[in-house]
Amino acid sequence: MTRVPPVLDVDAILDDRGTRIVVCCGSGGVGKTTTAAALGLRAAERGRSAVVLTVDPARRLAQSMGLTELDNTPRLVHSSGEGQLFAMMLDMKRTFDEIIEAHADPERARQILTNPFYQSLSSSFAGTQEYMAMEKLGQLRRSDEWDLIIVDTPPSRSALDFLDAPERLGRFLDGRFIRLLMAPAKAGGRSAFKLLNAGFGLVAGAMTKLLGAQVIKDLQTFVSALDAVFGGFRQRAEMTYKLLQAPGTAFVVVAAPERDAMREASYFVERLAEERMPLAGLVVNRVHLSPAAALSAARSAAAAEELETKGEHELTAAVLRLHAGRMQLAAREHREQEHFVSAHPTVPVVQVPAMPQDVHDLAGLREIGALLART
């Protein structure tokens, strides 16, 4: 027996002024960025002031809106009556620099920004993108310039890594090695190696021989500023995490009707439930449908075979073969969706048919938005 899931009412989410944040998550290549952009455009055309933030370093958001590029500053993309649509792409290093500049005096900010360890951390340290996504989301929300923020997260399971940002940052700051390096600053500026002679002199000597005195000095200079600058970030990240759990947030999981993507969708749904994050529902994107669904794949293939045997109507036979293939694909997609619905029968779902071409302008996004809303 085929289970029929509840229908995801996209317009109800967008029209609810209590909804302030929509987070789109899902694996790569399922049309998540396009979905986020389409939701933003539809919200703007229904009177919301919306900003779409993409955390994905690829330029798909700009491409879907017909733009050449986006940067770390929200850019007005479309205005419609009372509604407006802005878009931006997270620049994690620039966001990191902004935190330093905002929470350190000019001289200390200069020391940090020119420090080689900071430059490495802000550009390539594991998890930096997720930390900065949490920070940027908090900045947008606190600014209160937009009444709806739509977040397009990175592809694959890292899309939910920003949920772990506060805890991971806390572990980094509270780690034994970091506390060891911060000890001189907390002890009134005494020499690191005098302080460490009580028990860590051998460790300090070994580190100096291995890395060099200048490297150790650069590292200690950087670490000495961590508490003042990042303590506030950790607190703000925890506040943003709680904001994501609040009723004003809606998570939308996006998937394609394929085995791996639907398994990832199940993972996202289960993880969000563990974190007590408010799930709005699932968008199944790029679904293959047919206006002649009453003609089964078997009947279509049989008719094509009969025509081919007779040597008649070659074009009709070819069309019947194409239809049979499409119906077989639709049946496979339906089975994959059935597995998800069986495991998560209460999750609202909406299907978006496969488009003949990629979306690259507002007209295409508008069409996707109408399909999402089933209008």
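**Notebook: pockets, helix packing and sheet**

I sorted the lining of the largest pocket by class: seven residues are nonpolar, twelve polar and five charged. Nonpolar means Ala, Val, Leu, Ile, Met, Phe, Trp, Tyr, Cys or Pro, charged means Asp, Glu, Lys or Arg, and the others, Gly among them, are polar. The model is predicted, so I note that local features need pLDDT of at least 70 and side-chain atom pairs pLDDT 80 or more, while totals for chains, interfaces and linings use all residues. Residues are numbered from 1 along each chain as its sequence is written, and side-chain values use heavy atoms, with hydrogens and water left out.

**Largest pocket**

I looked up the volume, and the largest pocket holds about 470 Å³ of space. Gly31, Thr34, Arg286, Asp358 and Val359 are the closest to the centre, out of 24 lining residues. Helix 2 (32-45), helix 3 (60-64) and strand 7 (279-287) are the elements that give two or more residues to this lining. Helix 2 supplies the largest share, four residues.
For the terms, a pocket is an open set of points on a 1 Å grid over the protein atoms alone, where a 1.4 Å probe fits, with protein on both sides within 12 Å along at least five of seven lines; lining residues have an atom within 4 Å of a point. The volume is the space filled by probe spheres set on the points, which are joined across faces, edges and corners. Helices (H or I, at least four residues) and strands (E, at least two) are DSSP runs, numbered from the N terminus.

**Second largest pocket**

I found about 330 Å³ of space in the second largest pocket. Its lining has 18 residues, and Val4, Pro5, Gln337, Val349 and Gln351 lie nearest the centre. Two or more residues each come from strand 7, helix 16 (314-343) and strand 8 (349-353). Helix 16 gives the most, five residues. By class I read eleven nonpolar, four polar and three charged residues in this lining.

**Helix 2 and helix 17**

I checked how helix 2 packs on helix 17 (residues 362-372): the angle is about 85 degrees and the axes are 8 Å apart. The two helices are therefore roughly perpendicular (65 to 115 degrees) to each other. Angles run from 0 to 180 degrees between N-to-C directions, and axes are lines fitted to C-alpha atoms, for helices over the stretch in contact. Contact means heavy atoms within 4.5 Å. On the helix 2 side I list Thr34, Ala38 and Arg42 among the contact residues, and on the helix 17 side Leu362, Leu365 and Ile368 are among them. The contact has nine nonpolar, three polar and three charged residues.

I traced an open sheet of eight strands in the order 3-4-2-5-1-6-7-8, with mixed pairing. Strand 3 (75-80) and strand 8 are at the edges with a single partner strand each, so one side of each has no neighbour in the sheet. Neighbouring strands are turned by 20 degrees against each other on average, direction ignored. Strands pair if DSSP finds at least two bridges between them. Strand 6 (residues 249-255) and strand 7 run parallel and are joined by five bridges. Helix 17 lies across strand 3, strand 7 and strand 8, at about 140 degrees to strand 8.

Technical notes. Parallel < 35°, antiparallel > 145°, perpendicular 65-115°, else oblique.
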